[in-house]
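These are my notebook entries on a structure that I am looking through for the first time. I begin with single residues and end with open space.

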Amino acid sequence: MPAPDVAALLAQLERSEPDTAEPARVAVEWLAGGEALETISQFDVCEFLWYTLPIKVPGDQSTIARALGKLLRLAGMERYAALCDSPATARILLTYAREGEEAGTSAYHRELESTGVLPPDVAELSWSSIMGPEELGAHVACAAALELAIVAGEPVDREELTRRWLTAPRTELGGDCWLHRVHGERLNRWVLGRGTARRELAQPFEVRLHAPIEAPAEPHLEPLRWLLDLARTGVRLTERLNVGRAVAAEAAGRFGWAARTGLRTGTAAGAGSDTQPRAVRGEADVPAMTELRRIAVHDLGALRRSGRRLVLTTTGRNLLDDPAALWEAAAATLLVPSPGEHDFEISIRESALMILADGDAVPDDDLRDRVAEVVNGEGWRSADGGRVTGVDLSHPLARLRHRLDALGLAAGPPSGPSAYVWRLTGTGRRAALAALRTQALRPRQYAGLG
């Protein structure tokens with residue numbers, strides 16, 4: 001049976017409790033937005049009472065909450081009315097009043113989590129703090145499905161139900177699923193980023209990134225696999241906690257890093273002379289080795305330090321045993337921010353990967369000019385407030401270059417220290433696309449919201 005008409009309920013309340021009708025009208029307008037009461041869910045009511053009401057709605061909040069409860073009881077919606085009068089609502093409103101918005105918002109999130117109707121993050125999708133229309137629709141639908149299961153008294157596995165609700169074809173979506181809708185929305189928003197140059201560069205990728213980028217059939221990520229496998233028995237570290245010379249020299253020779261840095265891996269006479277390349281003396285001579293260790297330890301959690309050794313973690317063992325998971329996790333590290341890194345640096349690396357994704361050889365000066373055009377068009381400025389130049393790009397591009405080397409994704413040695421030429425291997429092009437897709441589909445997070 002449909003819920004009673006809101007106007008009729010307000011008229012009834014006006015006759016019985018005149019002082020309650022106006023705060024009830026304010027509350028229901030915020031809660032239902034002109035839609036029928038039968039369209040609201042427990043999640044909607046909780047969000048109104050514990051977030052919207054204390055932050056956005058003027059007036060006596062406790063009075064408005066109680067008035068909404070009376071209106072909902074008249075509508076026969078007792079479960080929702082009980083939330084309006086609950087100790088949880090009183091406690092959260094008091095927290096906002098006494099401790100401020102940040103403390104109140106934290107209390108709201110804790111209480112909402114305890115209801116069981118908040119869709120959790122799953123492997124396929126982490127929810128954004130502020131959502132586009134498609135993601136909001138998916139979130140509301142999942143919350144309603146969780147509520148129905150709880151009310152029906154079913155044992156509820158929130159992650160499994162959310163995953164099933166996101167990935168199952170839906171009749172109301174024309175046979176599509178919510179996950180595809182959310183991914184499409186996020187990808188479109190990423191393509192339509194700031195600036196004409198950025199949009200023109202990103203536009204072709206909307207189609208290219210639509211489907212997951214599968215790992216190549218041929219061997220790939222060999223440096224990472226080698227280091228993780230070596231760590232099964234432990235990798236000895238120096239007193240300065242660097243990888244030892246023998247391991248650094250072996251890696252430099254095995255993966256072509258010596259040629260890329262003008263070093264050699266042997267110890268024959270003449271090392272260090274004007275006519276002979278200098279031998280590898282330790283990890284500091286091989287930037288790709290340092291970057292590889294950083295990827296394995298900090299970004300992937302695949303290695304950890306135990307005393308003066310690097311050892312394989314459970315995560316590392318699982319990644320070695322699951323090539324698809326290793327590929328997805330490692331490729332994403334091309335755009336993972338380092339501690340304290342600004343969005344500006346991410347935008348630089350992201351633009352560079354889009355330029356390199358077709359596999360063309362791009363001289364370093366040309367890459368810098370093209371990336372500078374994109375980031376200037378996005379509105380970024382240098383530290384002194386001027387336009388971004390090639391010099392401002394040096395650190396982020398160097399980090400990207402070392403990461404590409406570290407994962408075995410760069411093709412060929414440079415032609416000289418001042419004439420570096422960027423080019424990706426076939427696997428590198430796939431990894432660039434995989435990293436860009438992860439970047440495009442990431443959840444949008446905003447300060448102050450958990």
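Is leucine 241 buried, partly exposed or exposed? I looked up its relative accessible area, which is 28%, so leucine 241 is partly exposed (buried means under 20% relative accessible area, exposed over 50%, partly exposed in between, with a 1.4 Å probe and protein chains only). I note that this is a predicted model, in which local features need pLDDT of at least 70, side-chain atom pairs count only at pLDDT 80 or more, and totals for chains, interfaces and linings use all residues. Residues are numbered from 1 along each chain as its sequence is written, and side-chain values use heavy atoms, with hydrogens and water left out.

Entry on backbone angles. I found leucine 241 in the loop between strand 1 (235-236) and helix 14, where its phi is near 65 degrees, a positive value in a residue other than glycine. Helices (H or I, at least four residues) and strands (E, at least two) are DSSP runs, numbered from the N terminus. Leucine 221 also has a positive phi, of about 55 degrees, although it is not a glycine; this residue is in the loop between helix 12 (205-208) and helix 13, and it counts as buried because its relative accessibility is 2%.

Entry on rings. I took rings of Phe, Tyr and Trp (its six-membered ring) as paired if their centres lie within 6.5 Å, with planes under 30 degrees apart counted as stacked, over 60 as edge-to-face and the rest as tilted. By this rule there are five aromatic pairs. In one of them, tryptophan 226 and phenylalanine 255 have ring centres 5.5 Å apart and planes at 70 degrees, so the pair is edge-to-face. It links distant parts of the chain, 29 residues apart, with tryptophan 226 in helix 13 (residues 222-230) and phenylalanine 255 in the loop between helix 14 (245-254) and helix 15 (257-261). Both tryptophan 226 and phenylalanine 255 are buried, and ring pairs join Trp226, Phe255 and Trp257 into a cluster.

Entry on arginine 349. I located this residue in helix 19, where it is buried with a relative accessible area of 0%. Contact means heavy atoms within 4.5 Å; not counting residues up to four places away in sequence, arginine 349 touches several residues, including Leu334, Glu341, Pro396 and Arg399.

Entry on open space. I read that the lining of the largest pocket has 23 nonpolar, eight polar and 14 charged residues (Ala, Val, Leu, Ile, Met, Phe, Trp, Tyr, Cys and Pro count as nonpolar, Asp, Glu, Lys and Arg as charged, and the others, Gly among them, as polar). A pocket, on a 1 Å grid over the protein atoms alone, is an open set of points where a 1.4 Å probe fits, with protein on both sides within 12 Å along at least five of seven lines, and lining residues have an atom within 4 Å of a point.
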